[in-house]
Amino acid sequence: MAQALTWPDSLWAAATPEGPDLPALDGEARADVAVVGAGFTGLSTALHLRRQGLDVAVVEAMEPGWGASGRNNGQVIPTLTRPDPDQIVAQHGAAGERFTHLIRDSAAILFDLVREEGITAEAEQNGWVQPVHSPGRMKIAERRYRQWLALGAPVELLDADATRALLGSQAWHGAWLNRSGGHVNPLALARGMARAALGRGARIFARSPVARISREDGRWVVHTPRGRMVARALMMATNAYTQEFGRALMPDVARQVVPVLSFQMASEPVSENLRGVVMPTRPAMSDTHGDLWFARYDARHRIITGGALAIPFNREARLKPYLARRLARIWPMLGELRFSHVWSGKIGMTDDFMPRLHRIGPDAYAWAGCNGRAVALSVALGREFAAAIAGRDPATLGLPFTEPEPLALHALAPLAFPFMLNLYRWRDAREV
Ligand SMILES: Cc1cc2nc3c(=O)[nH]c(=O)nc-3n(C[C@H](O)[C@H](O)[C@H](O)COP(=O)(O)OP(=O)(O)OC[C@H]3O[C@@H](n4cnc5c(N)ncnc54)[C@H](O)[C@@H]3O)c2cc1C
(Lines give C-alpha, C1' and ligand atoms only; values in the text may rest on other atoms or scores of the structure.)
Protein backbone atom coordinates (compact mmCIF):
# COMPACT_ATOMS: atom_id res chain seq x y z
CA MET A 1 0.00 0.00 0.00
CA ALA A 2 1.50 3.37 -1.03
CA GLN A 3 2.02 5.94 1.76
CA ALA A 4 0.70 9.49 1.28
CA LEU A 5 3.57 11.75 0.24
CA THR A 6 4.31 14.11 3.10
CA TRP A 7 7.55 15.91 3.84
CA PRO A 8 8.85 16.48 7.36
CA ASP A 9 8.48 20.02 8.72
CA SER A 10 12.13 20.64 7.99
CA LEU A 11 13.97 23.79 7.06
CA TRP A 12 15.18 21.93 3.98
CA ALA A 13 11.65 21.10 2.78
CA ALA A 14 10.61 24.73 3.37
CA ALA A 15 13.65 26.38 1.75
CA THR A 16 14.51 24.09 -1.18
CA PRO A 17 13.10 24.53 -4.70
CA GLU A 18 10.86 21.62 -5.79
CA GLY A 19 12.47 18.52 -7.24
CA PRO A 20 11.86 17.25 -10.78
CA ASP A 21 8.42 15.95 -11.83
CA LEU A 22 8.70 12.18 -11.94
CA PRO A 23 6.38 9.41 -13.12
CA ALA A 24 5.40 6.35 -11.07
CA LEU A 25 6.41 2.93 -12.38
CA ASP A 26 3.44 1.61 -14.33
CA GLY A 27 3.57 -1.72 -16.18
CA GLU A 28 6.78 -3.54 -17.08
CA ALA A 29 10.03 -1.69 -17.73
CA ARG A 30 13.55 -2.95 -18.43
CA ALA A 31 16.97 -1.52 -17.65
CA ASP A 32 20.51 -2.80 -17.48
CA VAL A 33 20.65 -1.69 -13.84
CA ALA A 34 17.80 -1.16 -11.37
CA VAL A 35 18.49 1.02 -8.34
CA VAL A 36 16.00 0.92 -5.44
CA GLY A 37 15.98 4.12 -3.33
CA ALA A 38 16.68 7.72 -4.41
CA GLY A 39 18.81 9.00 -1.55
CA PHE A 40 22.48 9.94 -1.96
CA THR A 41 23.54 6.30 -2.42
CA GLY A 42 21.02 5.43 -5.12
CA LEU A 43 21.34 8.75 -6.97
CA SER A 44 25.15 8.69 -6.86
CA THR A 45 25.13 5.10 -8.15
CA ALA A 46 22.80 6.11 -10.99
CA LEU A 47 24.81 9.23 -11.85
CA HIS A 48 28.10 7.35 -11.93
CA LEU A 49 26.57 4.54 -14.00
CA ARG A 50 25.31 7.07 -16.55
CA ARG A 51 28.76 8.69 -16.66
CA GLN A 52 29.95 5.26 -17.88
CA GLY A 53 27.08 5.00 -20.36
CA LEU A 54 25.10 2.23 -18.62
CA ASP A 55 21.31 2.13 -18.83
CA VAL A 56 19.93 2.73 -15.30
CA ALA A 57 16.49 3.20 -13.75
CA VAL A 58 15.88 4.30 -10.14
CA VAL A 59 12.71 3.21 -8.31
CA GLU A 60 11.85 5.34 -5.25
CA ALA A 61 8.97 4.79 -2.81
CA MET A 62 8.36 8.53 -2.30
CA GLU A 63 10.50 11.27 -3.92
CA PRO A 64 14.28 11.82 -4.18
CA GLY A 65 15.66 12.85 -0.78
CA TRP A 66 12.59 11.75 1.18
CA GLY A 67 14.66 9.45 3.45
CA ALA A 68 17.71 10.34 5.55
CA SER A 69 19.32 12.20 2.63
CA GLY A 70 16.77 15.04 2.73
CA ARG A 71 16.49 15.28 6.52
CA ASN A 72 20.03 15.31 7.86
CA ASN A 73 22.25 18.04 9.29
CA GLY A 74 24.12 18.31 6.01
CA GLN A 75 27.58 17.94 7.53
CA VAL A 76 30.02 16.53 4.98
CA ILE A 77 32.33 14.48 7.19
CA PRO A 78 35.22 12.45 5.78
CA THR A 79 35.44 10.00 8.71
CA LEU A 80 33.25 7.45 10.51
CA THR A 81 32.10 8.06 14.10
CA ARG A 82 34.21 4.98 14.76
CA PRO A 83 36.02 2.65 14.12
CA ASP A 84 39.23 4.55 13.32
CA PRO A 85 41.27 3.66 10.20
CA ASP A 86 43.65 1.21 11.93
CA GLN A 87 40.70 -0.75 13.36
CA ILE A 88 39.01 -0.88 9.93
CA VAL A 89 42.21 -2.30 8.39
CA ALA A 90 42.64 -4.75 11.30
CA GLN A 91 39.10 -6.05 10.72
CA HIS A 92 38.93 -6.02 6.91
CA GLY A 93 42.51 -6.26 5.62
CA ALA A 94 43.19 -4.94 2.10
CA ALA A 95 39.49 -4.16 1.44
CA GLY A 96 39.48 -2.24 4.73
CA GLU A 97 42.54 -0.29 3.63
CA ARG A 98 40.86 0.68 0.34
CA PHE A 99 37.76 1.63 2.35
CA THR A 100 39.81 4.03 4.52
CA HIS A 101 41.05 5.66 1.29
CA LEU A 102 37.45 6.02 0.11
CA ILE A 103 36.44 7.61 3.44
CA ARG A 104 39.48 9.94 3.26
CA ASP A 105 38.39 11.10 -0.22
CA SER A 106 34.62 11.05 0.42
CA ALA A 107 34.08 14.77 1.12
CA ALA A 108 36.18 15.72 -1.91
CA ILE A 109 34.19 13.26 -4.05
CA LEU A 110 30.93 14.95 -2.95
CA PHE A 111 32.10 18.55 -3.45
CA ASP A 112 33.72 17.64 -6.82
CA LEU A 113 30.47 16.03 -7.96
CA VAL A 114 28.53 19.17 -6.99
CA ARG A 115 30.95 21.33 -9.01
CA GLU A 116 31.20 18.99 -12.02
CA GLU A 117 27.44 18.50 -12.33
CA GLY A 118 26.63 22.16 -11.61
CA ILE A 119 24.38 21.21 -8.67
CA THR A 120 23.02 24.08 -6.53
CA ALA A 121 23.22 22.65 -3.02
CA GLU A 122 24.37 25.60 -0.85
CA ALA A 123 27.68 23.73 -0.66
CA GLU A 124 30.38 25.24 1.59
CA GLN A 125 33.69 23.36 1.79
CA ASN A 126 34.90 25.20 4.89
CA GLY A 127 36.20 22.16 6.78
CA TRP A 128 34.77 19.80 9.37
CA VAL A 129 36.01 20.02 12.94
CA GLN A 130 35.70 17.69 15.92
CA PRO A 131 36.32 19.71 19.10
CA VAL A 132 37.13 17.86 22.31
CA HIS A 133 34.84 18.36 25.31
CA SER A 134 37.12 17.08 28.09
CA PRO A 135 40.91 17.06 28.60
CA GLY A 136 40.93 13.24 28.74
CA ARG A 137 39.41 12.95 25.27
CA MET A 138 42.22 14.98 23.70
CA LYS A 139 43.98 11.67 23.14
CA ILE A 140 41.10 10.62 20.83
CA ALA A 141 41.67 13.74 18.70
CA GLU A 142 45.42 13.12 18.65
CA ARG A 143 44.94 9.49 17.59
CA ARG A 144 42.50 10.35 14.80
CA TYR A 145 44.64 13.24 13.61
CA ARG A 146 47.75 10.99 13.47
CA GLN A 147 45.98 8.17 11.64
CA TRP A 148 44.33 10.40 9.03
CA LEU A 149 47.55 12.38 8.54
CA ALA A 150 49.39 9.12 7.82
CA LEU A 151 46.76 8.41 5.16
CA GLY A 152 47.39 11.79 3.54
CA ALA A 153 44.17 13.54 4.66
CA PRO A 154 44.27 17.38 4.98
CA VAL A 155 44.02 17.33 8.79
CA GLU A 156 45.28 19.59 11.57
CA LEU A 157 45.46 19.28 15.34
CA LEU A 158 44.29 22.40 17.17
CA ASP A 159 45.11 23.44 20.73
CA ALA A 160 42.57 25.16 22.98
CA ASP A 161 43.45 28.67 21.71
CA ALA A 162 43.20 27.70 18.05
CA THR A 163 39.89 25.91 18.74
CA ARG A 164 38.54 29.04 20.47
CA ALA A 165 39.56 31.16 17.49
CA LEU A 166 37.93 28.74 15.01
CA LEU A 167 34.67 28.25 16.90
CA GLY A 168 34.39 31.36 19.07
CA SER A 169 33.83 29.34 22.22
CA GLN A 170 35.69 28.32 25.35
CA ALA A 171 33.66 25.11 25.65
CA TRP A 172 36.35 22.85 24.21
CA HIS A 173 39.92 21.82 25.06
CA GLY A 174 41.26 21.34 21.54
CA ALA A 175 40.14 19.78 18.26
CA TRP A 176 41.14 18.10 15.05
CA LEU A 177 40.12 19.56 11.74
CA ASN A 178 39.74 18.10 8.24
CA ARG A 179 39.78 20.85 5.63
CA SER A 180 38.10 18.73 2.92
CA GLY A 181 34.81 18.62 4.90
CA GLY A 182 32.03 21.19 5.05
CA HIS A 183 28.26 21.31 4.68
CA VAL A 184 25.40 21.33 2.16
CA ASN A 185 21.64 21.74 2.01
CA PRO A 186 21.06 17.98 1.83
CA LEU A 187 17.62 18.06 0.19
CA ALA A 188 18.95 20.47 -2.47
CA LEU A 189 21.81 18.03 -3.04
CA ALA A 190 19.45 15.06 -3.43
CA ARG A 191 17.14 16.95 -5.79
CA GLY A 192 20.14 18.32 -7.71
CA MET A 193 21.62 14.84 -8.06
CA ALA A 194 18.26 13.59 -9.34
CA ARG A 195 18.18 16.36 -11.97
CA ALA A 196 21.78 15.64 -12.94
CA ALA A 197 21.06 11.90 -13.30
CA LEU A 198 17.98 12.65 -15.43
CA GLY A 199 20.04 15.09 -17.51
CA ARG A 200 22.52 12.29 -18.19
CA GLY A 201 19.73 9.96 -19.32
CA ALA A 202 18.81 8.00 -16.20
CA ARG A 203 15.15 7.21 -15.56
CA ILE A 204 13.72 7.85 -12.06
CA PHE A 205 10.34 6.54 -10.94
CA ALA A 206 8.78 8.07 -7.80
CA ARG A 207 5.89 7.11 -5.49
CA SER A 208 6.65 3.47 -6.39
CA PRO A 209 7.37 1.48 -3.22
CA VAL A 210 9.14 -1.79 -3.98
CA ALA A 211 7.28 -4.58 -2.20
CA ARG A 212 9.79 -7.32 -3.03
CA ILE A 213 12.64 -8.31 -5.31
CA SER A 214 12.94 -11.67 -7.09
CA ARG A 215 15.23 -13.48 -9.47
CA GLU A 216 13.60 -14.72 -12.70
CA ASP A 217 15.43 -16.25 -15.70
CA GLY A 218 18.78 -14.89 -14.56
CA ARG A 219 17.43 -11.32 -14.15
CA TRP A 220 16.49 -9.22 -11.12
CA VAL A 221 12.84 -8.19 -10.89
CA VAL A 222 11.75 -5.27 -8.73
CA HIS A 223 8.01 -5.41 -7.93
CA THR A 224 5.95 -2.29 -7.18
CA PRO A 225 2.15 -1.99 -6.69
CA ARG A 226 1.53 -1.14 -10.38
CA GLY A 227 4.65 -2.28 -12.17
CA ARG A 228 7.86 -4.26 -12.35
CA MET A 229 11.39 -3.46 -13.42
CA VAL A 230 13.53 -6.19 -14.95
CA ALA A 231 17.31 -5.70 -14.85
CA ARG A 232 20.67 -7.46 -15.12
CA ALA A 233 22.10 -5.74 -12.03
CA LEU A 234 20.56 -4.41 -8.84
CA MET A 235 21.57 -1.78 -6.28
CA MET A 236 19.51 -1.77 -3.09
CA ALA A 237 19.98 1.74 -1.69
CA THR A 238 17.20 1.81 0.91
CA ASN A 239 19.48 1.92 3.98
CA ALA A 240 17.74 2.75 7.32
CA TYR A 241 14.37 3.08 5.50
CA THR A 242 14.47 -0.49 4.11
CA GLN A 243 11.49 -1.71 6.13
CA GLU A 244 9.50 1.52 5.92
CA PHE A 245 7.20 0.25 3.17
CA GLY A 246 6.91 -3.45 4.08
CA ARG A 247 8.74 -6.18 5.90
CA ALA A 248 9.59 -8.39 2.90
CA LEU A 249 12.52 -6.36 1.60
CA MET A 250 15.97 -7.73 2.58
CA PRO A 251 15.03 -8.64 6.16
CA ASP A 252 18.55 -9.92 6.95
CA VAL A 253 20.17 -6.68 5.80
CA ALA A 254 17.57 -4.51 7.57
CA ARG A 255 17.82 -6.36 10.88
CA GLN A 256 21.50 -5.54 11.26
CA VAL A 257 20.69 -1.91 11.93
CA VAL A 258 18.56 -0.28 14.60
CA PRO A 259 16.73 2.76 13.18
CA VAL A 260 17.09 5.52 15.78
CA LEU A 261 15.11 8.77 15.49
CA SER A 262 17.42 11.80 15.41
CA PHE A 263 16.01 15.33 15.81
CA GLN A 264 17.30 18.29 13.85
CA MET A 265 16.41 21.93 14.27
CA ALA A 266 17.01 25.31 12.64
CA SER A 267 17.37 28.58 14.56
CA GLU A 268 16.22 32.00 13.47
CA PRO A 269 18.99 33.71 11.42
CA VAL A 270 22.00 34.88 13.47
CA SER A 271 23.05 38.54 13.10
CA GLU A 272 26.15 39.48 11.11
CA ASN A 273 27.87 40.82 14.27
CA LEU A 274 27.43 37.54 16.11
CA ARG A 275 28.48 35.53 13.06
CA GLY A 276 31.80 37.37 13.16
CA VAL A 277 32.45 35.68 16.52
CA VAL A 278 30.48 32.40 16.47
CA MET A 279 32.05 29.94 14.00
CA PRO A 280 33.33 32.89 11.89
CA THR A 281 34.73 30.67 9.09
CA ARG A 282 31.48 28.62 8.94
CA PRO A 283 32.88 25.06 9.35
CA ALA A 284 30.74 22.02 10.15
CA MET A 285 31.22 20.95 13.78
CA SER A 286 30.44 17.73 15.67
CA ASP A 287 32.27 17.20 18.96
CA THR A 288 33.43 14.22 21.03
CA HIS A 289 30.33 13.87 23.24
CA GLY A 290 28.66 10.45 22.89
CA ASP A 291 25.41 12.46 23.18
CA LEU A 292 26.69 14.53 20.28
CA TRP A 293 26.92 18.35 20.22
CA PHE A 294 26.87 19.57 16.62
CA ALA A 295 26.14 22.75 14.68
CA ARG A 296 26.72 24.55 11.40
CA TYR A 297 25.27 27.56 9.59
CA ASP A 298 23.01 27.21 6.58
CA ALA A 299 22.99 29.62 3.63
CA ARG A 300 20.42 31.83 5.42
CA HIS A 301 22.72 32.10 8.49
CA ARG A 302 20.55 29.90 10.68
CA ILE A 303 22.30 27.53 13.08
CA ILE A 304 21.34 23.96 12.26
CA THR A 305 21.77 21.72 15.26
CA GLY A 306 19.97 18.83 16.93
CA GLY A 307 19.95 16.24 19.63
CA ALA A 308 18.12 13.44 21.34
CA LEU A 309 15.90 13.05 24.40
CA ALA A 310 15.57 9.75 26.22
CA ILE A 311 11.85 9.95 27.01
CA PRO A 312 9.68 9.81 23.87
CA PHE A 313 7.13 12.38 25.08
CA ASN A 314 6.47 15.76 23.45
CA ARG A 315 10.07 15.68 22.20
CA GLU A 316 9.88 18.51 19.68
CA ALA A 317 8.58 21.06 22.21
CA ARG A 318 11.02 19.88 24.91
CA LEU A 319 14.02 19.92 22.56
CA LYS A 320 13.75 23.63 21.75
CA PRO A 321 14.58 24.97 25.26
CA TYR A 322 16.97 22.05 25.92
CA LEU A 323 19.10 22.81 22.85
CA ALA A 324 18.80 26.59 23.24
CA ARG A 325 20.34 26.19 26.72
CA ARG A 326 23.10 23.96 25.30
CA LEU A 327 23.97 26.52 22.60
CA ALA A 328 23.90 29.34 25.19
CA ARG A 329 26.40 27.36 27.26
CA ILE A 330 28.69 27.03 24.24
CA TRP A 331 28.17 30.59 22.96
CA PRO A 332 26.77 32.79 25.79
CA MET A 333 26.71 35.78 23.39
CA LEU A 334 23.89 34.07 21.41
CA GLY A 335 21.49 34.40 24.35
CA GLU A 336 18.54 32.00 24.20
CA LEU A 337 18.08 31.25 20.48
CA ARG A 338 14.62 30.67 19.01
CA PHE A 339 14.05 27.76 16.63
CA SER A 340 11.77 27.89 13.59
CA HIS A 341 11.85 24.23 12.46
CA VAL A 342 12.19 20.88 14.25
CA TRP A 343 12.18 17.61 12.32
CA SER A 344 13.49 14.09 12.57
CA GLY A 345 14.87 11.23 10.52
CA LYS A 346 15.97 7.66 11.01
CA ILE A 347 19.63 6.86 11.52
CA GLY A 348 20.60 3.21 10.97
CA MET A 349 22.88 2.27 13.87
CA THR A 350 25.08 -0.86 13.92
CA ASP A 351 26.38 -2.36 17.16
CA ASP A 352 30.02 -1.41 16.35
CA PHE A 353 29.34 1.75 14.24
CA MET A 354 30.80 0.05 11.14
CA PRO A 355 28.64 0.26 7.98
CA ARG A 356 27.53 -3.09 6.51
CA LEU A 357 28.25 -3.61 2.79
CA HIS A 358 26.95 -6.67 0.96
CA ARG A 359 26.92 -8.52 -2.32
CA ILE A 360 23.40 -9.98 -2.11
CA GLY A 361 23.53 -12.05 -5.33
CA PRO A 362 24.92 -11.97 -8.89
CA ASP A 363 25.53 -8.29 -9.81
CA ALA A 364 23.50 -7.18 -6.78
CA TYR A 365 24.64 -4.98 -3.91
CA ALA A 366 23.28 -3.35 -0.76
CA TRP A 367 24.49 -1.42 2.23
CA ALA A 368 23.06 -0.24 5.56
CA GLY A 369 24.31 1.31 8.78
CA CYS A 370 25.19 4.97 8.21
CA ASN A 371 25.52 5.58 11.97
CA GLY A 372 24.72 9.26 11.33
CA ARG A 373 27.98 9.83 9.46
CA ALA A 374 27.45 9.07 5.81
CA VAL A 375 26.45 12.13 3.77
CA ALA A 376 29.89 12.04 2.15
CA LEU A 377 30.28 8.27 2.41
CA SER A 378 26.98 7.44 0.68
CA VAL A 379 27.92 9.62 -2.32
CA ALA A 380 31.37 7.98 -2.41
CA LEU A 381 29.91 4.49 -2.03
CA GLY A 382 27.57 5.19 -4.95
CA ARG A 383 30.65 5.71 -7.10
CA GLU A 384 32.18 2.43 -5.87
CA PHE A 385 29.00 0.38 -6.35
CA ALA A 386 28.63 1.84 -9.85
CA ALA A 387 32.18 0.74 -10.66
CA ALA A 388 31.45 -2.79 -9.37
CA ILE A 389 28.23 -2.98 -11.42
CA ALA A 390 30.06 -1.67 -14.51
CA GLY A 391 32.40 -4.64 -14.25
CA ARG A 392 35.40 -3.48 -12.22
CA ASP A 393 36.74 -6.21 -9.97
CA PRO A 394 35.17 -5.50 -6.55
CA ALA A 395 38.47 -6.73 -5.08
CA THR A 396 40.04 -3.46 -6.31
CA LEU A 397 37.34 -1.24 -4.76
CA GLY A 398 36.78 0.25 -1.31
CA LEU A 399 34.01 -2.21 -0.52
CA PRO A 400 34.71 -4.39 2.55
CA PHE A 401 31.88 -6.88 2.04
CA THR A 402 30.52 -9.05 4.85
CA GLU A 403 27.67 -11.54 5.11
CA PRO A 404 24.52 -10.02 6.68
CA GLU A 405 24.35 -10.84 10.39
CA PRO A 406 20.92 -9.86 11.76
CA LEU A 407 20.92 -8.73 15.38
CA ALA A 408 19.40 -11.14 17.88
CA LEU A 409 16.30 -9.55 19.45
CA HIS A 410 16.30 -6.86 16.74
CA ALA A 411 12.68 -5.90 17.43
CA LEU A 412 13.53 -5.10 21.05
CA ALA A 413 16.68 -3.10 20.26
CA PRO A 414 14.93 0.33 20.01
CA LEU A 415 13.82 -0.11 23.65
CA ALA A 416 17.51 0.04 24.63
CA PHE A 417 17.92 3.55 23.16
CA PRO A 418 17.02 5.56 26.34
CA PHE A 419 19.47 3.44 28.35
CA MET A 420 22.22 3.90 25.74
CA LEU A 421 21.66 7.66 25.68
CA ASN A 422 21.92 7.85 29.48
CA LEU A 423 25.05 5.66 29.36
CA TYR A 424 26.64 8.04 26.82
CA ARG A 425 25.76 11.02 29.04
CA TRP A 426 27.28 9.30 32.06
CA ARG A 427 30.46 8.51 30.08
CA ASP A 428 30.57 12.06 28.67
CA ALA A 429 30.58 13.43 32.22
CA ARG A 430 33.28 11.00 33.35
CA GLU A 431 35.64 11.05 30.35
CA VAL A 432 35.24 7.31 29.76
C1 LIG B 1 18.43 13.21 11.21
C2 LIG B 1 19.70 12.76 10.53
C3 LIG B 1 20.84 13.57 10.59
C4 LIG B 1 22.01 13.15 9.94
N5 LIG B 1 23.06 14.02 9.88
C6 LIG B 1 24.17 13.66 9.17
C7 LIG B 1 25.24 14.59 8.99
O8 LIG B 1 25.16 15.76 9.34
N9 LIG B 1 26.36 14.14 8.36
C10 LIG B 1 26.47 12.86 7.88
O11 LIG B 1 27.53 12.50 7.35
N12 LIG B 1 25.43 11.99 7.98
C13 LIG B 1 24.29 12.37 8.57
N14 LIG B 1 23.22 11.54 8.60
C15 LIG B 1 23.28 10.27 7.83
C16 LIG B 1 22.98 10.51 6.35
O17 LIG B 1 21.82 11.28 6.21
C18 LIG B 1 22.79 9.14 5.66
O19 LIG B 1 23.96 8.40 5.85
C20 LIG B 1 22.57 9.24 4.17
O21 LIG B 1 21.60 10.20 3.85
C22 LIG B 1 22.15 7.86 3.64
O23 LIG B 1 21.75 7.99 2.30
P24 LIG B 1 21.09 6.76 1.58
O25 LIG B 1 20.83 7.16 0.18
O26 LIG B 1 21.94 5.55 1.77
O27 LIG B 1 19.73 6.50 2.36
P28 LIG B 1 18.37 7.36 2.34
O29 LIG B 1 18.62 8.78 2.06
O30 LIG B 1 17.61 7.03 3.58
O31 LIG B 1 17.61 6.80 1.07
C32 LIG B 1 16.88 5.60 1.07
C33 LIG B 1 15.73 5.80 0.11
O34 LIG B 1 15.14 4.53 -0.12
C35 LIG B 1 13.76 4.73 -0.25
N36 LIG B 1 13.09 3.45 0.01
C37 LIG B 1 13.02 2.76 1.17
N38 LIG B 1 12.31 1.63 1.00
C39 LIG B 1 11.92 1.60 -0.30
C40 LIG B 1 11.15 0.71 -1.07
N41 LIG B 1 10.61 -0.37 -0.53
N42 LIG B 1 10.96 0.99 -2.38
C43 LIG B 1 11.51 2.08 -2.96
N44 LIG B 1 12.23 2.98 -2.25
C45 LIG B 1 12.44 2.74 -0.94
C46 LIG B 1 13.42 5.79 0.80
O47 LIG B 1 12.20 6.43 0.53
C48 LIG B 1 14.64 6.71 0.67
O49 LIG B 1 14.40 7.78 -0.22
C50 LIG B 1 22.05 11.90 9.26
C51 LIG B 1 20.91 11.10 9.22
C52 LIG B 1 19.73 11.52 9.82
C53 LIG B 1 18.51 10.67 9.73
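Predicted model: local features only at pLDDT ≥ 70, side-chain atom pairs only at ≥ 80, totals over all residues.
Q: Is Tyr 322 buried, exposed or partly exposed?
A: Buried means under 20% relative accessible area, exposed over 50%, and partly exposed in between (1.4 Å probe, protein chains only). Tyr 322 has a relative accessibility of 23%, so it counts as partly exposed.

Q: Which residues is Tyr 322 in contact with, leaving aside its neighbours within four places in sequence?
A: Contact means heavy atoms within 4.5 Å. With those neighbours left aside, the partners of Tyr 322 are Asp 291, Ala 308, Leu 309 and Arg 425.

Q: How far apart in space are Tyr 322 and Val 375?
A: Along the sequence, 53 residues separate Tyr 322 and Val 375. In space, going from C-alpha to C-alpha, their separation is 26 Å.

Q: Is Thr 45 buried or exposed?
A: Thr 45 sits in helix 2, which covers residues 40-51. Leaving aside neighbours within four places in sequence, its contacts are Val 35, Met 235, Gly 382, Phe 385, Ala 386 and Ile 389. Because its relative accessible area is 0%, Thr 45 is buried.

Q: How many salt bridges does the structure hold?
A: Side chains of opposite charge can pair when their charged atoms come close. A salt bridge is a side-chain nitrogen of Lys or Arg within 4 Å of a carboxyl oxygen of Asp or Glu. One network of them links Glu 28, Arg 30, Glu 216 and Arg 228. For the structure, the total is 26.

Q: How many residues apart are Arg 203 and Asp 55?
A: Arg 203 and Asp 55 form a salt bridge, with their closest N and O atoms 3.3 Å apart. This pair links distant parts of the chain: Arg 203 belongs to strand 8 (residues 203-205), and Asp 55 to the loop between helix 2 and strand 2 (56-59), a separation of 148 residues.

Q: Which residue forms a salt bridge with Arg 300?
A: Arg 300 lies in the loop between strand 14 (294-297) and strand 15 (303-307), and its partner's loop runs between helix 3 (85-117) and strand 4 (128-131), so the pair ties together parts 178 residues apart in sequence. The closest N and O atoms are 3.0 Å apart, and the partner is Glu 122.

Q: Which residue has a polar side-chain atom 2.5 Å from an oxygen atom of the ligand?
A: A residue is near a molecule if one of its heavy atoms lies within 4 Å of it. Of the 37 residues around the ligand, Thr 41, Glu 60, Ser 69, Gln 75 and Asn 239 come nearest. The one with that side-chain atom 2.5 Å from a ligand oxygen is Ser 69.

Q: Which strand gives the most to the shell around the ligand?
A: Elements giving two or more residues to this shell are helix 2, strand 12 (258-267), strand 16 (339-349) and helix 10 (375-389). With 3 residues, the one that gives the most is strand 16.

Definitions and conventions:
Residues numbered from 1 in each chain as written. Heavy atoms only, no water. Helix = DSSP H or I, 4+ residues; strand = E, 2+ residues; numbered from the N terminus. Polar contact = N/O pair within 3.5 Å; in protein donor to acceptor, adjacent residues only side chain to side chain.
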